[in-house]
Amino acid sequence: MTDDVRLRHRDGPRLSTPVLVAVCLLVTLVVVALDVATGTAVRLFPLLIFLPAIVSALGEVWQTALVSVWVIVWEIGTGFYLGAETDDILLATGFMVLFGGLSVFGCRYRVRREEEVSRLRSAAAALQRQIVRPLPLRTADVVVNGLYQPVEEDAMVGGDMYEVAASRHGTRVLIADVQGKGLPAIGTALAVLGSFREAAYREHTLTGVVAALENSVVRQNAFATQTGEPERLVTALVLDIGRGPAVEAVNCGHIAPFVIHDGDAIQADLGEPAVPLGLAALSSEPRRGTRFTFPAGATMLLCTDGVTEARDPSGAFYPLEARLRSYARAPSGGLAARIDADLRVFTGTAPRDDIAILTLRRTDPSS
């Protein structure tokens with residue numbers, strides 16, 4: 001099966017054949033009936049010339065060609081029935097052939113453009129699967145679910161990112177937010193993700209993983225300076241989750257995780273966050289790991305500032321912790337979707353920043 005056939009098979013025609021037949025028949029009968037009934041000197045049936053143009057904007061090439069032939073046949077037949085002059089019929093037929101041909105050409109151009117866009121979207125979807133893996137993800141330690149939502153319309157990848165690596169040292173989780181949003185932030189996001197995927201398996205310590213991420217952002221910024229792009233910093237939270245209840249975290253200017261357990265939701269105390277990735281040279285303090293408790297049966301929520309910095313029409317920030325407490329006694333399944341829906345109601349508009357929300361639950365040892 002060729003790419004074109006696959007694209008058409010997937011997307012399907014915009015205008016179904018039964019609808020096409022019904023519309024053409026109805027419009028033609030109405031126009032011709034009015035023309036015959038009124039009997040005025042100004043004929044209405046030439047108005048059918050616009051029918052192929054309408055179909056060309058909605059249907060396939062063969063549908064447009066078929067309607068063009070349909071209109072020409074009806075024009076000739078109606079003209080002779082109403083006793084029009086032969087020269088007038090030939091002139092009208094010529095115009096209809098011309099406009100029908102232009103409609104077919106325009107439809108073919110439109111379909112080709114749509115196929116190109118569809119191919120690009122397919123490539124973008126494949127790229128997204130490589131950059132931001134589809135959820136849920138499962139390791140020996142946790143099940144990770146959630147949602148990922150770039151702010152730019154039709155974009156599939158933004159400046160927010162996440163990754164889960166099942167290394168020999170435990171499950172290592174990254175959630176990060178590149179300064180800026182949309183396509184300009186993707187280069188830095190790619191550099192950070194690539195570095196994490198390698199360092200999570202290679203480095204024995206979590207601070208070693210973060211140091212590798214820092215180096216990747218510094219290198220990316222050096223390259224950006226050479227190419228005239230602005231330097232970018234990255235807020236990031238990196239976790240190391242093993243079988244025990246304690247989780248190690250290194251917080252580089254990111255939002256601390258929330259732990260939902262026993263009907264309550266508490267934000268983990270990670271102390272003063274370290275500087276974002278890309279700014280380590282400006283800090284006199286090295287980054288250190290902090291531990292907090294993530295007990296069995298609890299749900300951990302990680303998010304980017306697209307959630308916490310969302311505002312309602314009055315300018316108030318989204319009260320995430322209060323919302324999580326209200327959800328604490330509800331089943332944890334679908335938590336990210338509930339927050340997303342609540343965000344839209346709270347702000348009264350579409351998101352203005354990239355959003356990433358991850359929910360983590362410990363893997364059931366018996367499963």
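In this predicted model, helix α6 passes helix α7 in a right-handed crossing. Helix α6 covers residues 186-202 and helix α7 covers residues 206-226; their axes come within 8 Å and cross at roughly 150°. Because angles over 145 degrees count as roughly antiparallel, α6 is described as roughly antiparallel to α7.

On the α6 side, the contact is made by Gly 187, Thr 188, Ala 191, Val 192, Ser 195, Phe 196, Ala 199, Ala 200 and Arg 202. Helix α7 contributes Val 209, Ala 212, Leu 213, Ser 216, Val 217 and Gln 220.

Arg 197 lies in helix α6 while Glu 163 belongs to strand β3 (residues 160-167), so the pair ties together parts that are 34 residues apart in sequence. The two partners can also be described by their accessibility. Glu 163 has a relative accessible area of 4% and is therefore buried, whereas Arg 197, with 29%, is partly exposed. The pair belongs to a network of salt bridges that links Arg 133, Glu 163 and Arg 197.

In total, the count comes to 15 salt bridges. One of the others brings together the side chains of Asp 141 and Arg 243, with an N to O distance of 3.8 Å. Asp 141 counts as buried because its relative accessibility is 11%, under the 20% limit. Arg 243, at 58% relative accessibility, counts as exposed.

A further salt bridge joins Arg 325 to Asp 264, where the closest N and O atoms are 3.5 Å apart. Here a helix is tied to a strand: Arg 325 lies in helix α9 (residues 320-327) and Asp 264 in strand β8 (residues 264-267), so the connected parts are 61 residues apart in sequence. Arg 325 counts as partly exposed at 42% relative accessibility, and Asp 264 counts as partly exposed at 30%.

Definitions and conventions. Residues are numbered from 1 along each chain as its sequence is written. This is a predicted model: local features need pLDDT of at least 70, side-chain atom pairs count only at pLDDT 80 or more; totals for chains, interfaces and linings use all residues. Side-chain values use heavy atoms; hydrogens and water are left out. Axes are lines fitted to C-alpha atoms, for helices over the stretch in contact, and angles run from 0 to 180 degrees between N-to-C directions. Helices (H or I, at least four residues) and strands (E, at least two) are DSSP runs, numbered from the N terminus. Angles under 35 degrees count as roughly parallel, over 145 as roughly antiparallel, 65 to 115 as roughly perpendicular and the rest as oblique. A crossing is left-handed if the near helix is turned anticlockwise from the far one by less than a right angle, and right-handed if clockwise. Contact means heavy atoms within 4.5 Å. A salt bridge is a side-chain nitrogen of Lys or Arg within 4 Å of a carboxyl oxygen of Asp or Glu. Buried means under 20% relative accessible area, exposed over 50%, partly exposed in between (1.4 Å probe, protein chains only).
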